[in-house]
Amino acid sequence: MRMPLPIVLTAIVVVINSVAAPRLSLYAEETVDGPALMQRVRDDIAWVGKLKSFHLMARIEERRTPERIEHALKEIKEQNPDLEEPDPLKFTQLLPETNMRLELDFDTRRMRSMCLHRDGSNRDLDRDVWMWNGRKGINHRQSFRNETDLARYSAEISTTSRWFWSWLGYLNHQPLVCWWNDNPKQREERREGYGEPSDFALMDRETFHGVDCHVLLETRGNWSDRYYVGVKDGRWYGAKTGIISFANLPKFAETQQRLVEEFLGRSLGANPSNEVWDGVHRELTAMSPARRGAWGRRLYSEIGKQFTPCWEFWFSDFRDLGEGRFLPFRETRLAYDHDEEKGEGQKIFVCDQRTLFVRKLTLNQPLDDSLFDEPIAAGKEVVDETAKP
């Protein structure tokens, strides 16, 4: 069965001033299953979409490993064979440390995100603003490294809203409903993208970054994405998504074929072709949620729990915001990679770690109008896509 590549995920960390007591309940004593756990996770973030306003300021720190930098340098030189010493300020993937200032704002008719990227010495590299001011969208991109400055105006709010939560993993990787995406088409897109609670099956119980968690498996696609939900409080504490490589799993192909044949009750023959595996994949994904969950448990118990993910992210430092609202104010994400050697000796390693700390969070307070006034200097390039032909 071929495993499709996962969607790129990003992670963050948020920090605020106060310490919240754990939200304990009878939850740990209740009979739980995968759909109920995932429904609770989604219910826990619904309050964000009901806010009158939201203002967040955060710092994101990224550390790249020597292996990541070595791979990046190799790729750059392959693409630029005449380039002897690539400039890290031009190829920022060569910088061992970068950080970013993040601002997120929305009220009942406007929204704005601002990212200011810096190097390890806090030297400004790039600034990117995506904004909907109630009438039009504005994307203002400035590169201080290349001395470029471009503003683009759009009549579509989707150009701003599509990636609004992309730096906040806790809200970005669940189907959060806000005023800008509350319509039938987008609800259907979220259902297809995130799945229904019934698509998640309970697999296991393990300690995940110090927290006793239930392990849920998404039973669509490649049966690789694992979600960790606290046993005591029902909170979502993170996930491992994708599969970076099968090379570190001895006899993976043989084990996978045996499990499929046992589950489906028939032989696939010697060396099944891609067409055969495509058919198996379609058959498994077309099964009922209960049967998909049963297959997931078979796969997980023998090899799935050993998958090295593409991304691993976790949430911590949960804070009590009042009125039953909680938010993790720290997020950490690891990205994995592997070397190019084939076979079971392939090396898998962490290529970078990203952590986000929230410095300020304000809810339901009027936003300063100046946030939505993005000045464009005279003589800079402007592209206006709002005019009708």
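W223 is buried, at 1% relative accessibility (buried means under 20% relative accessible area, exposed over 50%, and partly exposed in between, with a 1.4 Å probe and protein chains only). This residue sits in the loop between β8 and β9; strands here are DSSP runs of E with at least two residues, helices are runs of H or I with at least four, and both are numbered from the N terminus. The phi of W223 is near 55°, a positive value in a residue other than glycine. Most residues other than glycine have a negative phi.

H209 also has a positive phi, near 50°. Its loop runs between β7 (200-208) and β8 (211-218), and H209 is partly exposed at 39% relative accessibility.

## A word on the model

Please keep in mind that this is a predicted model, in which local features need pLDDT of at least 70 and side-chain atom pairs count only at pLDDT 80 or more, while totals for chains, interfaces and linings use all residues. Residues are numbered from 1 along each chain as its sequence is written, and side-chain values use heavy atoms, with hydrogens and water left out.

## The nonpolar cores

What does the largest nonpolar core look like? It has 77 residues, and those with the most contacts inside it are F54, L56, L102, W165, L171, W236 and W295. A core of this kind is a set of buried Ala, Val, Leu, Ile, Met, Phe, Trp, Tyr and Cys residues joined through side-chain atoms within 4.5 Å. Strand β13 (residues 348-363) gives the most to this core, with six residues. Apart from it lies another core, of nine residues, among them M114, M131, L367 and F372.

L102 is a handy place to start looking around. Beyond its neighbours within four places in sequence, L102 is in contact (heavy atoms within 4.5 Å) with L56, M57, A58, I60, M114, C115, W167 and L356.

## Two helices side by side

Helix α6 (residues 252-264) and helix α8 (residues 289-302) pack at an angle of about 150°, with axes 11 Å apart. Those axes are lines fitted to C-alpha atoms over the stretch in contact, and angles run from 0 to 180 degrees between N-to-C directions.

From α6 come T255, R258, L259, V260, E262 and F263, and they meet R291, A294, W295, R298, L299 and E302 of α8. These residues divide into six nonpolar, one polar and five charged. In this count Ala, Val, Leu, Ile, Met, Phe, Trp, Tyr, Cys and Pro are nonpolar, Asp, Glu, Lys and Arg are charged, and the others, Gly among them, are polar.

D233 is in the loop between β9 (226-230) and β10 (236-241) and is buried, with a relative accessible area of 6%. Its side chain makes a polar contact of 2.6 Å with the side chain of Y237. Such a contact is a pair of N or O atoms within 3.5 Å; within protein, one must be able to donate a hydrogen and the other to accept it, and residues adjacent in sequence count only if both atoms are side-chain atoms. The D233 side chain also reaches the backbone nitrogen of R235 at 3.0 Å.

R191, in helix α5 (residues 184-194), is partly exposed at 36% relative accessible area. A polar contact of 2.8 Å joins its side chain to that of E188. Leaving aside neighbours within four places in sequence, R191 is in contact with E196 and R220.
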